[in-house]
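The sequence and the model are shown first, and a description follows.

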Amino acid sequence: MTTSVVSGGTRGIGRGLSLRLAALGHQVIALYRGDDLAAEQTEKAGEGLITALRCDLTRPDEIHAVCARIASEHGAPAVLVNNAGVNRDRPFLSMTAEDWDTVLATNLSGPFHLSQALAPAMVEAGGGSIVNIASTTAIRPRNNGANYCSSKAGLLQLTKCLALELAPHIRVNALLPGFTDTDEVTDRYRLDDPERLATVLDAIPARRLGTTDDMADALEYLVTTRSSYLTGQQLIVDGGHFMG
Ligand code: NDP
């Protein structure tokens, strides 16, 4: 059975990705930071194919411990999805060092440590696929997001460097979601206000928010043999919002 690891795999987009991989018959290890209830619910929805493990991605020691546990209990993964990410939005001039460090540690250093911890076993077991969940704001800037946009831009470059160095064994690609319907985005942009939602939708040619299923469809493509000649690339899934 194929083993997959999804960071932040218990909520939002990550939950959708975990469920899709489970539907493909994978044994999924979903890493999360602290929301035990969401973890339990995702495990339940996975009907025996999803195991949620706590691991704070800002802590390299925890990453190495959880990877050792995954190796001994589930064997080498064939798929790693670096999905966990946080926002600490603030205007640049009032952004604190803590805002900067937390976002960079989670969104960029987390994928570095997790990929480095898992890649040797992946290669030894015959290779596989790493998918980094970036964002269209990795390419185009937005207000109050110097930390977030920088972290995701770094993740795009990390994607290309790993695609070079881990070839031909592991393909490494980035998936760039646009506005995707998760609690985090609804809260941050207050999209439960119909006027705010209408303004956002106005700028999206598809005239709707992305769904976690849209992202899972793209992930499915990136981890199966249908994309076997694709590595080091950026797949933007945003309803045409940003035609980079
Ligand atoms: P959510 O906030 O809904 O979920 C984040 C997930 O990451 C949770 O499972 C959370 O665990 C986990 N996580 C956060 N910090 C850590 C940490 N330090 N260690 C381990 N796990 C952690 O996010 P979304 O689903 O909205 O976003 C998922 C990814 O997609 C992110 O990388 C985000 O930047 C990216 N993205 C999202 C867009 C959107 O519109 N939603 C647009 C563009 C990109 P816990 O629940 O335990 O806290």
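Asn144 is partly exposed, at 35% relative accessibility. The model discussed here is predicted. Asn144 belongs to the loop that links strand S5 (128–133) and H5, and its phi is positive, about 65°, although Asn144 is not a glycine. Arg190 is placed in the loop between helix H6 (183–188) and helix H7 (194–202) and is partly exposed, with a relative accessible area of 49%. Most residues other than glycine have a negative phi, and most peptide bonds are trans. The peptide bond from Ala167 to Pro168, however, is cis, with omega near 0°; Pro168 lies in the loop between H5 and S6.

In soluble globular proteins, nonpolar side chains tend to be buried together. The largest nonpolar core here has 29 residues, of which Leu31 and Leu114 touch the most other members. At least two residues each are supplied by strand S2 (27–32), helix H3 (60–74), helix H4 (97–124), helix H5 (146–166) and strand S6 (170–177). H5 gives the largest share, six residues. Beyond its neighbours within four places in sequence, Leu114 is in contact with several residues, including Leu31, Leu57, Ile63 and Cys67. A second, separate core of 20 residues includes Ile50, Ile133, Ala216 and Leu219.

**Ligand surroundings**

The ligand is surrounded by 30 residues, the closest being Arg11, Gly34, Asn83, Tyr148 and Thr180.

| Residue | Part of the residue | Distance to a ligand oxygen atom |
|---|---|---|
| Gly34 | backbone N or O atom | 2.7 Å |
| Thr180 | polar backbone atom | 2.7 Å |
| Thr182 | side-chain N or O atom | 2.9 Å |

On its own, the ligand has 910 Å² of accessible area, and the protein covers 95% of this.

**Cysteines**

A disulfide is a covalent bond between the sulfur atoms of two cysteines. How many disulfides does the structure hold? The number is zero. The sulfur of Cys55 has its closest cysteine sulfur in Cys67, 6.9 Å away, which is too far for a bond. Cys55 is buried, with a relative accessible area of 3%. Cys161 is likewise in no disulfide, as the nearest cysteine sulfur, that of Cys149, is 20 Å away. Cys161 counts as partly exposed, at 36% relative accessibility.

Technical notes. Residues are numbered from 1 along each chain as its sequence is written. This is a predicted model: local features need pLDDT of at least 70, side-chain atom pairs count only at pLDDT 80 or more; totals for chains, interfaces and linings use all residues. Side-chain values use heavy atoms; hydrogens and water are left out. A disulfide is a pair of cysteine sulfur atoms within 2.5 Å. Buried means under 20% relative accessible area, exposed over 50%, partly exposed in between (1.4 Å probe, protein chains only). A nonpolar core is a set of buried Ala, Val, Leu, Ile, Met, Phe, Trp, Tyr and Cys residues joined through side-chain atoms within 4.5 Å. Helices (H or I, at least four residues) and strands (E, at least two) are DSSP runs, numbered from the N terminus. Contact means heavy atoms within 4.5 Å. A residue is near a molecule or strand if one of its heavy atoms lies within 4 Å of it. A polar contact is a pair of N or O atoms within 3.5 Å; within protein, one must be able to donate a hydrogen and the other to accept it, and residues adjacent in sequence count only if both atoms are side-chain atoms. Accessible areas come from the Shrake-Rupley method with a 1.4 Å probe; for residues, only the protein chains shown count as cover.
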